[in-house]
Amino acid sequence: MFRLTIWTFTAVAVATCLATPQASAAVLAHPAASTLLSTSVAPPFSIPLSACGGVPGGEVMNTAAVRKCVGAISDHGGGTLVVEPGIWLTGAFNMTSAMTLFLSKGSVLKASDDPADFPVVPPLPGYARGRELPGPRYGAFISAYNATDLTITGENGTIEGNGQRWWDIFHNKTLLHTRPRLIEPMFSQRIAIKRVTLRNSPFWTVHPYACDEVTVDELTIHSPLHSPNTDGFDPDSTTNVRLTNSYFHVGDDGVAIKSGWDDAGIHFNRPTLNVYIQNLTVISHTSAGVAIGSEMSGGVGNVTVQDAFFYQCSTGIHIKSSVGRGGYVRNVVIDHVRMHGGGVALEVNDFYGDHPGHFNKSAIPIVGDISFKNFHGDSLKQAADFEGLKSSPIFNLVLDDVSLHAEKGFKCSNVRGKATNVFPAVCDELLP
């Protein structure tokens, strides 16, 4: 049975947080707090981090202060934690239901880079082990479990993942457990992230897992282009997702839509459905602008990407799976996308991905009903690569109004579909 220990907060800690007149005055007088009291849909309780004993400057560890504030919010049935201007260093923590994390202008919530400041938690049920190593994994910097109505927003304040030490440990092969995600709500509903900047995640940046109703808007993610596995936004076994008006500069896929890994994902059987992406810019020299998979064993369906721009990405759109994954990818619409520079514009590949160990060779992925419309790219290495399985060809692949100026054209095998108004000339399998 999958379990995650949530930090608890005693009444004494909460009372201490709010006991002093100065703290009470800070709660009532903080300008961001008063603004939120009049505009937020969260319950009308708001508290600045300093009122719980937080100290800015980036030197003092504020984990206890953050947890006190979260405890106070929980006791009030919800509310807002205001991160004031300055650098606030802290270890990992959990959000609670009906909570808003508000990052004021000039604020930086900075993650500790000491593994001891992160809990070691069980693997996700759709993975059955850590993604990088067998066994448990490090919990995320900001987590939530079985929560509702979570918001991370503000005046474009920053959550700093402080990932360099984690990347070094990864490269040196001294990692004890899979690295922590930056933000990971799990089994939660109604999650909103808006108008914040996320930097230097140790691993995947935003990873909603087994969630419903996830809305992301005006999100900036920035990690070095060669930082390992710093995906931007990875909805996983999650439904009803909306990502708009965002900019990602990352070391892996800008977006990677997932639903579990091999047998564990098949048995968990929780697909990712109804994903809408609009007005997204991605820069990623090593990976895709938007990917589906390769962990897609629970199934992925009803994905729309509109009005996106990919700059110097290794792949524009990458749908990836392999024998052993099982699952399906169905009903994908890619419309009005521009790509400048980089590798392959369009790739659907059933020979991609690693396995956690022994895998079931009879678990064959089903991939089809994919439409690329109004997709235009230049200065590319290859136009497209479509490689299905002989036992399960890619089906109903449709291209319409596609122009891809590349050194190489189309590569196709075990694919069925049609193409109209496409440059360069398509492979025979896609001729009308």
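The chain exposes about 16200 Å² of surface, and carbon and sulfur atoms supply 53% of it. Those accessible areas come from the Shrake-Rupley method with a 1.4 Å probe, and for residues only the protein chains shown count as cover.

A quick word on what we are looking at. This is a predicted model, where local features need pLDDT of at least 70 and side-chain atom pairs count only at pLDDT 80 or more, while totals for chains, interfaces and linings use all residues. Residues are numbered from 1 along each chain as its sequence is written, and side-chain values use heavy atoms, with hydrogens and water left out.

Now, the inside. Of the 432 residues of the chain, 58% count as buried, and buried means under 20% relative accessible area, with exposed over 50% and partly exposed in between (1.4 Å probe, protein chains only).

What about the fold? The chain has six helices and 23 strands; helices (H or I, at least four residues) and strands (E, at least two) are DSSP runs, numbered from the N terminus. The radius of gyration of the chain is 22 Å, close to the 22 Å that the globule rule gives for 432 residues, so the chain is as compact as a globular protein of that length. That radius is taken over C-alpha atoms, and the rule is 2.2 Å times the number of residues to the power 0.38. Along the principal axes, the C-alpha atoms fill a box of roughly 75 × 40 × 35 Å.

Let's turn to the cysteines. A disulfide is a covalent bond between the sulfur atoms of two cysteines; here, the search looks for a pair of cysteine sulfur atoms within 2.5 Å. How many disulfides does a search of the whole structure find? It finds two.

One joins C52 to C69, with 2.3 Å from S to S. This pair links distant parts of the chain: C52 sits in the loop between β1 (46–48) and α4 (63–75), and C69 is in helix α4, 17 residues apart. The link of C52 and C69 is right-handed, with 120° about the S-S bond, and both cysteines are buried.

C412 and C427 form a disulfide too, their sulfur atoms 1.8 Å apart. Here C412 belongs to strand β22 (residues 394–413) and C427 to the segment after β23 (415–423), 15 residues apart. With -60° about the S-S bond, the link of C412 and C427 is left-handed. Are C412 and C427 buried or exposed? Both are buried.
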